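Okay, thanks for coming, everyone. Let me put the sequence and the structure up, and then we'll walk through a few spots together.

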Amino acid sequence: MKKTIAFLLCIGMLLGNVVFAQNADPFAGKEEINIAFIGGSITEGYGSSTYVKPTNDTAKDGTIANKKCYAGLVGQYFIDTYSDKKVNVYNAGVSGTTSELGLFRLNEEVIKYNPDMVFVEFAVNDWGNVEKSRIYMEGIVRELLKMEEVPIINFIYTTTEDYKSLAEEQEKLANYYGIPSHNLKSYVKSMVEKGRYTARELLGDGVHPTDLGYSLYANFIINNLKKRDGSYFVKPTVPEKLFSGTVFTEPRLDPAKNTKRTGAWSVENYRGRDTYVSFQAGATMTYEFYGTYIGIMNVCGGNFGKVT
């Protein structure tokens with residue numbers, strides 16, 4: 001099926017199962033390990049005192065830019081714990097995004113770095129659409145299962161001050177695949193109910209943690225990782241049937257340079273990507289593709305035109 005559309009983003013088709021052997025100790029014998037985090041603004045580190053908006057360099061060179069967010073702190077734990085190895089930490093958190101875009105970002109921002117372990121955090125941003133979350137979170141799992149060396153996967157469930165989080169729903173998927181999880185929603189609720197902290201002491205704007213909140217998040221995750229039974233380092237199982245009934249194959253981002261353009265366009269760097277900008281009325285961008293799904297990633301300022 002051939003379609004023409006006035007922009008681009010992601011292409012996917014539907015497919016089935018992949019099987020692999022479980023290995024509970026994937027770091028054994030490795031001189032270098034890659035730890036990846038993918039999620040929204042909480043993974044990105046918004047609200048921490050060391051928050052730096054990611055660029056192509058700070059997000060993807062394997063070093064830690066936001067040292068006080070949970071991903072930075074957990075990443076540092078791996079660096080300290082595996083001091084005999086080179087440890088690269090990749091933070092693919094992007095503010096305001098759900099597991100839908102996460103699936104299509106996965107290959108470029110996580111898989112290409114051959115991760116040994118991947119933490120997935122979309123419980124807050126997926127709030128409000130259970131069915132989509134099932135499909136795209138499962139899509140992320142299935143894409144990771146296609147890797148030549150399947151990584152360990154951990155789910156992370158963050159929360160808001162009024163506990164809007166799909167923790168319980170995403171836990172069903174985690175259980176289906178045998179994926180370990182870190183339930184920060186129940187942890188925060190317990191701390192608040194016990195009077196240890198107020199919600200705003202932990203979540204400065206009601207969503208994004210303060211330095212204290214990020215520290216508690218990281219310590220909770222690290223304590224789980226330290227468990228002697230190694231239960232957070234097991235690899236997923238692959239059930240015979242899909243959990244959601246739908247999964248994508250070959251989801252990817254396709255850059256705007258692959259479009260056909262008319263009129264005046266300039267190229268600017270946005271979060272390490274070439275972003276095409278036009279202020280000319282009537283300028284067009286056309287994209288042809290084969291597939292069953294396409295989406296658009298666009299940046300809108302205060303004075304933008306219509307998207308139809």
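So, to start: what do the buried residues of α3 pack against? They pack against β3, α1 (41-44), β4, β5, β6 (152-157) and α9 (211-225).

Before I go on, some housekeeping. This is a predicted model, where local features need pLDDT of at least 70, side-chain atom pairs count only at pLDDT 80 or more, and totals for chains, interfaces and linings use all residues. Residues are numbered from 1 along each chain as its sequence is written, and side-chain values use heavy atoms, with hydrogens and water left out.

Now a few words I'll keep using. Buried means under 20% relative accessible area, exposed means over 50%, and partly exposed is in between, with a 1.4 Å probe and protein chains only. Helices (H or I, at least four residues) and strands (E, at least two) are DSSP runs, numbered from the N terminus. Contact, which goes for touching and packing too, means heavy atoms within 4.5 Å.

The overall picture: the protein has nine helices and twelve strands, and buried residues make up 49% of its 308 residues. Take the contacts with a separation of 6 or more, and 80% of them come from residues 24 or more positions apart.

Back to α3, which is residues 70-81. Those twelve residues reach 16 Å from first C-alpha to last, close to the 16 Å expected at 1.5 Å a residue (that's 1.5 Å times one less than the number of residues). Its buried residues are Tyr 70, Ala 71, Gly 72, Val 74, Gly 75, Tyr 77 and Phe 78.

Which way does β3 pair with β4? It's parallel, over eight bridges, with β4 being residues 86-93. Gly 39 stands opposite Gly 93 there. β3 also pairs in the parallel sense with β5, over five bridges, and Ala 36 stands opposite Val 118. Pairing here needs at least two DSSP bridges between the strands.

Next, Ala 123, in the loop between β5 (117-121) and α5 (130-145). Why does Ala 123 count as buried? Because its relative accessibility is 0%. Leaving out residues up to four places away in sequence, Ala 123 touches Ile 156, Tyr 157, Thr 158, Ser 165, Leu 166, Ala 167 and Gln 170.

Ser 133 counts as buried because its relative accessibility is 4%. Its side chain makes a polar contact with the side chain of Gln 170, at 3.1 Å. By polar contact I mean a pair of N or O atoms within 3.5 Å; within protein, one must be able to donate a hydrogen and the other to accept it, and residues adjacent in sequence count only if both atoms are side-chain atoms.

Last stop, the second largest cavity. Both Ser 133 and Gln 170 are among the residues that line it, along with others including Met 137 and Phe 243. A cavity is a set of points on a 1 Å grid over the protein atoms alone where a 1.4 Å probe fits but cannot get out, and lining residues have an atom within 4 Å of a point. Which element gives the most to that lining? That's α5, with four residues.

That's my tour, so over to you.

Note on methods
On a 1 Å grid over the protein atoms alone, a cavity is a set of points where a 1.4 Å probe fits but cannot get out, and a pocket is an open set with protein on both sides within 12 Å along at least five of seven lines; lining residues have an atom within 4 Å of a point.
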